[in-house]
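Hi everyone, thanks for making time. Have a look at the structure on the screen, and I'll talk you through a few parts of it.

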Amino acid sequence: MAYRFANCLIDPDKHLFLRDELSIHLEPQVFDLILALVEKRGRLATKDDLVEIVWHGLSVSDTTISARINAARKAVGDTGRAQAIIKTVHGRGFQLNVEVTKTEAAVKIPDSLRSDTQNIQFTRSSHGARIAFSKSGDGPPLVRVAHWLSHLELDWHSPVWRPLIETLDSRNTLYRYDQRGTGLSSRELDGADLDAFADDLGAVADANNLDRFPIFAASQAVPVAIRFAQRYPERVTGLVLYGGYAKGRAVRDAAQGDIDEETILGLIRAGWGKADSPFVNAFSTLFMPDATPAQLAGFVKMQTETVSPENAALLRKIIDRFDVSESLKSVRTPTLVIHAISDAVQPVEQGRILASEIPGARYVSLESRNHVPLPQEETWAQMMHEVGLFLDGLLS
């Protein structure tokens, strides 16, 4: 079901928003807010209504609501002064000020959206692994290291990963790839270990003739980035390390709140990729407890299409045994370490170890409990600001 209003169209099934037939990317909360007003069809939506629909009853500040309303107005081409489309009813709430029409027909994706593509190619890494990589954006190079749940095509349209991709490639030529065992890369895991994953990173850099470049790495990609920087210090100009670790859960002492390996493996084996499984819901909410339903659904879809249940369990065993703790002091590249304080997947202590052991590293903590960064969080802007400042500093 899609809705037209003013010069806009919103399709909740495709999570698609168009203005003047051009696709506009919206953060999930902004999309849900506009959809809530559209479905009201001119009736008042109180702040309580919006909190229940958009934030699922969580406590949010008036400042947060105002920020999302302003973003919604910008998306539809409105302003707080004109209020031609989104009207504020002071002291009561908000309402749509234009007629809404419903269409049963599937939305035709316009040519302008089809031009929004990435360039996917393939290269070879160690043990003959075929590695899929992509290039998007414009500017200085930035390589995003693959993690264990990646799929170049699904990530491109994901409500979880697309905002991160758009932010990074808005200022850089972004190179991404699927690590061996996942996505569009070879699904075999013969010889897969920390050095093999570092080989994959090197193969992608070589295929794109990248001599020197900064790296963005998250979660298990962090030790891969550190190993690569240790092996090729002359090639890495900077490291952005988010939600990472020095020692995997299978080889480190358990910290408070740390999830043990058997719990993770049990959840994978019991319900991997099954949308109706309570196990997969528990697994997904470990990674992003504050995700929207659309984000959780995208996460489950990623599971079914990027890696088999058997490979998912095997990959977890491999990455839970990564250990770069003895390499940290030898890293000489500028480094930014970012970690969510209440991360349940990789405890914040691991982030502090990285920042304290890598010489000269800068540490930023986020008031968040999500291992996967979510664009609707207030800490998202803080994280992106810090990343931008860091990358700009590498060019000066």
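Let's start with the second largest pocket, which holds about 360 Å³ of space. This is a predicted model, where local features need pLDDT of at least 70, side-chain atom pairs count only at pLDDT 80 or more, and totals for chains, interfaces and linings use all residues. Residues are numbered from 1 along each chain as its sequence is written, and side-chain values use heavy atoms, with hydrogens and water left out.

So what lines this pocket? There are 18 lining residues, and Gln29, Trp55, Leu58, Asp290 and Glu377 lie nearest its centre. By class, the lining has six nonpolar, seven polar and five charged residues.

Next, helix α1 (residues 28-40) and helix α2 (residues 47-54): their axes come within 10 Å and cross at roughly 125 degrees. On the α1 side, the contact (heavy atoms within 4.5 Å) uses Gln29, Asp32, Leu33, Ala36 and Lys40, and α2 brings Asp49, Leu50, Ile53 and Val54. That contact has five nonpolar, one polar and three charged residues.

Now the other pair. Helix α6 (residues 162-169) packs against helix α14 (residues 378-395) at about 30 degrees, with axes 11 Å apart. That makes α6 roughly parallel to α14 (angles under 35 degrees). Here Pro163, Leu164, Thr167 and Leu168 of α6 meet Trp380, Met384 and Val387 of α14. This contact has six nonpolar, one polar and no charged residues.

Methods:
Axes are lines fitted to C-alpha atoms, for helices over the stretch in contact, and angles run from 0 to 180 degrees between N-to-C directions. Helices (H or I, at least four residues) and strands (E, at least two) are DSSP runs, numbered from the N terminus. Angles under 35 degrees count as roughly parallel, over 145 as roughly antiparallel, 65 to 115 as roughly perpendicular and the rest as oblique. Ala, Val, Leu, Ile, Met, Phe, Trp, Tyr, Cys and Pro count as nonpolar, Asp, Glu, Lys and Arg as charged, and the others, Gly among them, as polar. On a 1 Å grid over the protein atoms alone, a cavity is a set of points where a 1.4 Å probe fits but cannot get out, and a pocket is an open set with protein on both sides within 12 Å along at least five of seven lines; lining residues have an atom within 4 Å of a point. Grid points are joined across faces, edges and corners, and a volume is the space filled by probe spheres set on the points.
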